[in-house]
Amino acid sequence: MKIGPRYKIVRRLGAPVFEKTQTQKYAMRAMRKTPKRGRAKTDYGLGMMEKQKARMTYGVTSTQFGKYVKKAMARKGNSVDLLISILESRLDNAVLKAGFSSVRAQARQMVSHGHFLVNGKALNVPSYQVSVGDVISIREGSKKKVLFAGIEEKLKTAKVPAWIKVNPEKKEAVIDGIPRAELTELLFNPASVLEFYSR
């Protein structure tokens with residue numbers, strides 16, 4: 001997905017949705033910039049902004065994101081939890097959260113280039129939805145690549161969510177629970193996103 005100038009997008013959205021803008025240096029730089037005065041946003045405009053924040057956070061297209069929202073709203077249960085679970089279940093997100101990569105764009109590229117196996121089968125689809133019990137591992141032919149240099153140590157120190165169990169020695173991760181994220185950790189309001197789509 002072509003994104004465009006990340007710093008401009010972050011300034012417009014008012015949230016550090018990209019890893020490169022989640023640094024102290026960027027935060028200090030952003031504080032020095034005087035915000036432009038603009039018209040107060042309508043409910044529609046606020047909903048649109050939350051949608052954009054969510055899209056950019058997970059790096060998905062508008063069409064793809066719309067499908068995720070419809071899927072969450074069609075299922076029984078809490079739509080907010082379901083939407084977050086669907087987004088967190090993406091293979092590229094699982095690779096990122098497990099600690100195989102520290103940047104989402106790189107995690108997506110690693111998956112696209114076929115460096116990972118899911119339950120022993122090669123998969124190169126970043127949007128693939130992982131399930132409880134799935135085992136994500138590095139393809140044998142990729143383990144010696146520079147891309148994965150020092151990966152065992154990185155996996156040992158990675159901050160991993162409770163729904164992923166990582167085995168640094170085997171260089172693999174197991175989906176040990178339903179993929180989720182704490183609402184306080186999100187850079188967008190999922191309830192506003194769902195309200196935007198239900199208009």
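1. Valine 135 has valine 174 of strand 5 as its bridge partner. Helices (H or I, at least four residues) and strands (E, at least two) are DSSP runs, numbered from the N terminus.

2. Before going on, please keep in mind that this is a predicted model, in which local features need pLDDT of at least 70 and side-chain atom pairs count only at pLDDT 80 or more, while totals for chains, interfaces and linings use all residues. Residues are numbered from 1 along each chain as its sequence is written, and side-chain values use heavy atoms, with hydrogens and water left out.

3. Now the sheet as a whole: it is open, with 5 strands in the order 2-1-3-5-4 and antiparallel pairing. Strand 2 (121–122) and strand 4 (164–167) are at the edges with a single partner strand each, so one side of each has no neighbour in the sheet. Helix 6 (residues 91–98) packs on this sheet and touches strand 1 (116–118), strand 3 (135–138), strand 4 and strand 5; contact here means heavy atoms within 4.5 Å. The direction of helix 6 makes about 60° with that of strand 4, with axes fitted to C-alpha atoms (for helices over the stretch in contact) and angles running from 0 to 180 degrees between N-to-C directions.

4. Strand 4 pairs with strand 5 (residues 172–175) in the antiparallel sense over 4 bridges. Across this pairing, lysine 165 stands opposite valine 174, and asparagine 167 opposite glutamate 172. The two strands form a hairpin with 4 residues between them, and lysine 171 in the turn has a positive phi of about 55°.

5. Isoleucine 164 belongs to strand 4. With a relative accessible area of 4%, isoleucine 164 is buried (buried is under 20%, exposed over 50%, partly exposed in between; 1.4 Å probe, protein chains only). Isoleucine 164 touches residues including Ala94, Lys97, Ala98 and Val174. Its C-alpha lies 8.0 Å from that of lysine 97, 67 residues apart along the chain.

6. Phenylalanine 188 sits in the loop between strand 5 and helix 9 and, at 5% relative accessibility, counts as buried. Among the residues that phenylalanine 188 touches are Glu50, Tyr58, Leu87 and Val193. Glutamate 50 is 138 residues away in sequence, yet 5.5 Å away in space, C-alpha to C-alpha.

7. Finally, helix 9 (residues 190–197) has Pro190, Val193, Leu194 and Phe196 buried. Seen down the helix axis, these buried residues fall within an arc of 155°, so they line one face of helix 9; the arc is taken from the directions from the axis to the C-beta atoms. Their cover includes helix 3 (43–58), helix 4 (62–74) and helix 5 (79–88). At the N-terminal end, asparagine 189 caps helix 9, with a side-chain oxygen 3.0 Å from the backbone nitrogen of alanine 191.

Technical notes: A polar contact is a pair of N or O atoms within 3.5 Å; within protein, one must be able to donate a hydrogen and the other to accept it, and residues adjacent in sequence count only if both atoms are side-chain atoms. Two strands pair if DSSP finds at least two bridges between them. Lists of a residue's contacts leave out its neighbours within four places in sequence.
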